[in-house]
Amino acid sequence: MFNIIKSEIKRLFKSKGFWFSLIIFILIYIVCIFMQVSAQESGVFTSTNSAPEPGFYISIDIVVKSLNSYATMFGHSFGALILGIYLAIFVCNEYSSGYIKNIATLSNGRLTVIISKIVVAAFIDLIIILLCYGIGFILGNILIDGFVIESIGIILKSSAVMFVMSLALFSLVIAITTVFRNRVAGIILVLLISSGMLQPFFTSLFDLVNLSFLSEYTLSSLFLNSALVKENEFVKVILTSFLYIVIYNGISIGITQKRDI
């Protein structure tokens with residue numbers, strides 16, 4: 001099992017698509033920071049308590065001067081989107097190349113197929129978070145007067161929330177691409193969930209059955225409100241995301257164990 005996991009990580013690092021995706025993410029994140037700083041220097045901003053709207057934000061209507069804010073508002077959403085799309089391609093390439101058939105014939109090979117993908121997803125997730133804070137720290141100190149760096153405790157809590165949310169999304173991508181063996185399905189799902197565009201559908205659906213409160217626990221809602229998560233809600237978000245991780249990976253394992261590869 002460990003040899004296969006190591007092989008998958010090596011395959012990740014040898015993939016040009018992975019490095020290209022990282023470069024795209026870094027460039028978009030840097031552009032977001034520069035646009036936000038430029039907008040703050042040229043206008044007056046007022047904070048509002050209005051609910052967030054689905055979509056990806058290039059600039060927002062509040063002043064952003066802290067490391068954690070840049071990481072949660074800009075870095076995380078774009079990182080999950082871009083690297084989630086790459087992960088869908090990464091998983092599907094195993095089916096198109098026939099690589100997965102060689103692994104499945106090994107002892108516990110079918111289980112190892114999914115476990116190795118989870119490890120790769122967690123590895124990608126960790127890289128996203130490190131880049132979010134690393135780039136934010138460097139550019140924030142260079143570009144922003146009075147740049148605020150939150151305490152280690154707050155950063156660790158926010159990192160944990162972002163990590164489990166992204167891993168839940170990546171687990172769903174693995175499940176969908178495993179079921180359909182189609183990268184397009186995974187890419188569309190990443191776009192709809194990470195942007196929050198799927199949330200209006202869930203809100204309407206749960207309203208029909210008088211269970212509107214459940215819409216707050218959807219993965220799409222978690223991403224839509226990721227920048228607004230309060231400290232007393234961290235545990236709820238982490239537990240909800242962890243539940244999704246277990247369910248989605250359980251589906252992937254079940255499908256892989258029973259279906260011909």
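Student: How many residues does helix α6 have, and what distance does the helix reach from its first C-alpha to its last?

Tutor: In this predicted model, helix α6 covers residues 152-180. At 1.5 Å a residue, a span of 42 Å is expected, and the span found is close to that value. The helix has 29 residues and reaches 41 Å.

Student: Which residue just after α6 takes a positive phi?

Tutor: Helix α6 ends at residue 180. Just after α6, a positive phi of about 50° is found, and the residue that takes this angle is Arg181.

Student: Is Ala168 buried or exposed?

Tutor: Ala168 has its place in helix α6. A residue counts as buried under 20% relative accessible area. Because its relative accessibility is 0%, Ala168 counts as buried.

Student: Which element gives the most residues to the largest nonpolar core?

Tutor: This core has 62 residues, and those touching the most other members are Tyr29, Tyr70, Leu83, Leu87, Ile124 and Leu219. Two or more residues come from each of α2 (16-42), α3 (67-97), α5 (109-143), α6, α7 (183-194), α9 (219-224) and α10 (234-258). With 16 residues, the element that gives the most is α3.

Student: With which residues is Tyr70 in contact, leaving aside neighbours within four places in sequence?

Tutor: Tyr70 is among the core residues that touch the most other members. Beyond the excluded neighbours, Tyr70 is in contact with Tyr29, Ile33, Gln36, Val37, Gln40, Val64, Gly75, Ile144 and Phe147.

Student: How many helices and strands does the chain have, and what percentage of its residues is buried?

Tutor: The chain has ten helices and zero strands. Its accessible surface comes to about 12900 Å², with 67% belonging to carbon and sulfur atoms. Of the 261 residues in the chain, the buried share is 46%.

Terms used. Residues are numbered from 1 along each chain as its sequence is written. This is a predicted model: local features need pLDDT of at least 70, side-chain atom pairs count only at pLDDT 80 or more; totals for chains, interfaces and linings use all residues. Side-chain values use heavy atoms; hydrogens and water are left out. Helices (H or I, at least four residues) and strands (E, at least two) are DSSP runs, numbered from the N terminus. The expected span of a helix is 1.5 Å times one less than its number of residues. A nonpolar core is a set of buried Ala, Val, Leu, Ile, Met, Phe, Trp, Tyr and Cys residues joined through side-chain atoms within 4.5 Å. Buried means under 20% relative accessible area, exposed over 50%, partly exposed in between (1.4 Å probe, protein chains only). Contact means heavy atoms within 4.5 Å. Accessible areas come from the Shrake-Rupley method with a 1.4 Å probe; for residues, only the protein chains shown count as cover.
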